[in-house]
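Thanks for asking me to look this one over. My notes follow as numbered points, with the structure shown ahead of them.

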Amino acid sequence: MDMSPTNKHLTHYEGRLSSEVRLQITELIMAVTAASLDKRTNVKRLCAVAIELLDNAQRYCSSGSVLFNWQLVSGQLMVRIENRAARMDALRMVEAVDAVNRMDRAQVIEAFRAQLTNSTFGEKGGAGLGFLDIARKVERPIQAEVTPITEEEYLCRNEVHIPFD
């Protein structure tokens, strides 16, 4: 993990992602955010977005490695994660994000409640609950992009911008 000397509000991690690493990243970003922001800011809400993105990356990552950036800039938090994934998982991620981005606030809340009782989760999840949870928390579009690396492996990027003023 790297804390940029020129921007004390940047946390960057690139490497293998395990449950232990995910926990350490979470603890670091909670500490950095709590120290950097006004006490009125809901640090747990901001960190929950990162946790969801890290969880998805760990679950679907085909190489085990991720690139994670958490940056506080000009009244907003930018969270970005990149990982490689199988073609089917990458395309399903984009479909889930597109579906969530087309919903209004009431639809997101209703879909989230419906997914909580959904018994059709696959072994990796796959019901889109994480993206619905992010949408509930940020009320902003989630950016999702996939780029083919090979015929069966794609680079996945997710980015979320959250105002905190």
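1. Just past the end of helix 5, Glu139 adopts a positive phi of about 50 degrees. Please keep in mind that this is a predicted model.

2. Helix 5 itself deserves a look. Of its 10 residues, 8 are buried, so the helix is largely enclosed by the rest of the structure. The buried set comprises Gly130, Phe131, Leu132, Asp133, Ile134, Ala135, Lys137 and Val138, and you will notice that Asp133 and Lys137 are in that list. What do these buried residues pack against? Their partners are helix 2, helix 3, helix 4 and strand 6.

3. The packing of helix 4 on helix 5 can be described in some detail. The angle between these two helices is about 145 degrees, and their axes lie 9 Å apart. From helix 4, the contact draws on Arg105, Val108, Ile109, Ala111, Phe112, Gln115 and Leu116. Helix 5 supplies Leu129, Leu132, Asp133, Ala135 and Arg136. Sorted by class, the contact holds 8 nonpolar, 1 polar and 3 charged residues. Helix 4 passes helix 5 in a left-handed crossing.

4. The largest nonpolar core comprises 42 residues, and Phe68 and Trp70 have the most contacts inside it. Two or more residues come from each of helix 1 (19-36), helix 2 (43-60), strand 3, strand 4, helix 3 (87-101), helix 4 (105-116), helix 5 (129-138) and strand 6. Helix 2 is the top contributor to this core, with 8 residues. As background, nonpolar side chains tend to be buried together in soluble globular proteins.

5. Leaving aside residues up to four places away in sequence, Trp70 touches His9, Leu10, Thr11, Ile29, Thr33, Leu46, Cys47, Ala50, Leu77, Met78 and Val79.

6. On to the strand pairing. Strand 3 (residues 61-73) and strand 4 (residues 76-86) are antiparallel, paired over 9 bridges, and Leu72 stands opposite Leu77 of strand 4. Strand 4 also runs antiparallel to strand 6 (residues 153-163), to which 11 bridges join it. Here Ile81 has Asn158 of strand 6 as its bridge partner.

7. Is Asn83 buried or exposed? This residue of strand 4 has a relative accessible area of 7%, under the 20% cut-off, so Asn83 counts as buried. Beyond residues up to four places away in sequence, Asn83 touches Ala57, Tyr60, Cys61, Ser65, Val66, Tyr154, Leu155 and Cys156.

8. Arg59, placed in helix 2, is partly exposed, with a relative accessible area of 33%.

9. Finally, the whole chain. There are 5 helices and 6 strands, which follow the order β-β-α-α-β-β-α-α-α-β-β from the N terminus on. Buried residues account for 47% of the 165 residues. Among contacts with a separation of 6 or more, 65% are between residues 24 or more positions apart.

Methods. Residues numbered from 1 in each chain as written. Predicted model: local features only at pLDDT ≥ 70, side-chain atom pairs only at ≥ 80, totals over all residues. Heavy atoms only, no water. Pairing = 2+ DSSP bridges. Helix = DSSP H or I, 4+ residues; strand = E, 2+ residues; numbered from the N terminus. Core = buried A, V, L, I, M, F, W, Y, C linked by side-chain atoms within 4.5 Å. Buried < 20%, exposed > 50% of the residue type's maximum accessible area, 1.4 Å probe, protein only. Contact = heavy atoms within 4.5 Å. Axes fitted to C-alpha atoms, helices over the stretch in contact; angles between N-to-C directions. Left-handed = near helix turned anticlockwise from the far one by under 90°. Nonpolar A, V, L, I, M, F, W, Y, C, P; charged D, E, K, R; others polar.
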